[in-house]
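Colleague: I have a few questions about this model. Can we go through them one by one?

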Amino acid sequence: MPLRIIFMGTPDFAVPTLAALAEAGHEVVAVYTQPPRPGGRRGLDLQKSPVHQAAELLGAPVLTPVDFKDPADRQRFRGFDADVAVVVAYGLLLPEEILSGTRHGCYNGHASLLPRWRGAAPIQRAIMAGDSETGMMVMKMDKGLDTGPVALTKRVAIGEAMTAGELHDRLMHVGASLMKEAMAKLEAGDLTLTPQPEEGVVYAAKITKDETRIDFSKPAREVHNHIRGLSPFPGAWFELVTAGRIERTKVLGSELAEGTSKPGTVLDEALTIACSEGAVRPTRLQRAGGKALPTAEFLRGTPVATGSRIA
């Protein structure tokens with residue numbers, strides 16, 4: 001028999017999993033997502049989350065509690081009489097009453113190889129750390145932060161030039177397929193759970209604004225990993241002086257290059273920039289309020305002199 005599923009997710013990363021479960025014939029009895037947020041050009045219009053919009057297309061009931069402190073919200077959750085809850089990037093901590101509020105509990109699609117990169121920003125942190133692989137895992141949730149036993153794993157290689165955005169798009173489809181497989185096994189009574197190892201725990205803290213500025217005093221590979229780990233959002237950046245003004249410029253792509261000089265020195269007309277060891281060459285740039293451009297095109301409108309310093 002198909003499962004009665006409560007789906008819980010918010011961003012576009014979760015949408016393929018919701019679609020895969022519906023296409024597999026499971027009954028999505030309710031969808032929980034974050035409440036609409038201010039958006040639009042002027043930030044005045046309330047924008048429904050990507051999962052909210054996808055759920056409406058499926059005709060599933062959508063609920064947007066700000067938390068689960070209200071007993072009525074917890075009672076309503078249990079009232080759906082669901083077999084299982086599937087959670088992908090929902091954005092709310094779930095109390096124990098919700099974790100145990102279905103027959104089989106809650107299963108989470110998490111974008112790392114647990115226990116490495118538990119927490120909020122596993123995709124960005126894996127790239128920033130220079131990891132050569134990551135993956136998707138389906139785990140049964142418990143009251144800890146990404147500490148539950150693992151049901152299924154799919155490893156994914158991280159290319160040396162891969163950005164967080166590219167890895168995000170790869171993993172969201174891998175995750176959808178993996179969760180579909182996990183729910184098929186759960187339906188058949190054939191889903192095995194394995195406790196996470198106690199060693200190798202690393203936390204993926206939320207990205208903060210104060211760590212997005214590029215530090216060219218670090219080795220080139222670390223700078224390169226920092227750039228691609230924050231691309232396209234929130235974006236690593238440096239400051240350029242143009243027309244007597246200091247202007248923040250995002251670097252959305254880079255490559256390793258050769259050259260030595262004082263860190264932050266522009267080494268050539270292609271905007272190769274010296275680091276403490278080696279150099280990096282930005283491949284895609286975006287000034288504040290502008291569109292992203294290949295570096296050569298950016299430099300035609302904003303030339304940067306060889307020998308100048310970038311902060």
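Colleague: Which residues does leucine 114 touch, not counting those up to four places away in sequence?
Modeller: This is a predicted model. Leucine 114 sits in the loop between strand 7 and strand 8. Beyond its sequence neighbours, leucine 114 touches Met137, Met139, Asp146 and Gln196.

Colleague: Is leucine 114 buried or exposed?
Modeller: Buried means under 20% relative accessible area. Leucine 114 has 7% relative accessibility, so leucine 114 counts as buried.

Colleague: Which backbone oxygen does the side chain of serine 112 reach?
Modeller: Serine 112 lies in the loop between strand 7 (106-110) and strand 8 (116-119). Its relative accessibility is 0%, so serine 112 counts as buried. Contacts of serine 112 outside four places in sequence include Trp117, Thr134 and Met137. At 2.8 Å, the serine 112 side chain reaches the backbone oxygen of arginine 116.

Colleague: Which residues does UniProt list for "binding site"?
Modeller: The annotation comes from an unreviewed UniProt entry.

Colleague: What is the angle between the planes of phenylalanine 216 and phenylalanine 238?
Modeller: The structure holds five aromatic pairs. In one of them, phenylalanine 216 and phenylalanine 238 are 6.2 Å apart, centre to centre. The two residues are 22 residues apart in the chain, with phenylalanine 238 in strand 12 (residues 236-242). Their pair is tilted, with the planes at 45°.

Colleague: Over the face of which residue does arginine 248 lie?
Modeller: The distance from the ring centre is 3.6 Å. The ring under arginine 248 belongs to tryptophan 237.

Conventions
Residues are numbered from 1 along each chain as its sequence is written. This is a predicted model: local features need pLDDT of at least 70, side-chain atom pairs count only at pLDDT 80 or more; totals for chains, interfaces and linings use all residues. Side-chain values use heavy atoms; hydrogens and water are left out. UniProt positions are given in the numbering used here, feature names are shortened, and annotations may be inferred rather than shown by experiment. Helices (H or I, at least four residues) and strands (E, at least two) are DSSP runs, numbered from the N terminus. Buried means under 20% relative accessible area, exposed over 50%, partly exposed in between (1.4 Å probe, protein chains only). Contact means heavy atoms within 4.5 Å. A polar contact is a pair of N or O atoms within 3.5 Å; within protein, one must be able to donate a hydrogen and the other to accept it, and residues adjacent in sequence count only if both atoms are side-chain atoms. Rings of Phe, Tyr and Trp (its six-membered ring) pair if their centres lie within 6.5 Å; planes under 30 degrees apart count as stacked, over 60 as edge-to-face and the rest as tilted. A charge sits over a ring if NZ of Lys or CZ of Arg is within 6 Å of the ring centre and within 35 degrees of the ring normal.
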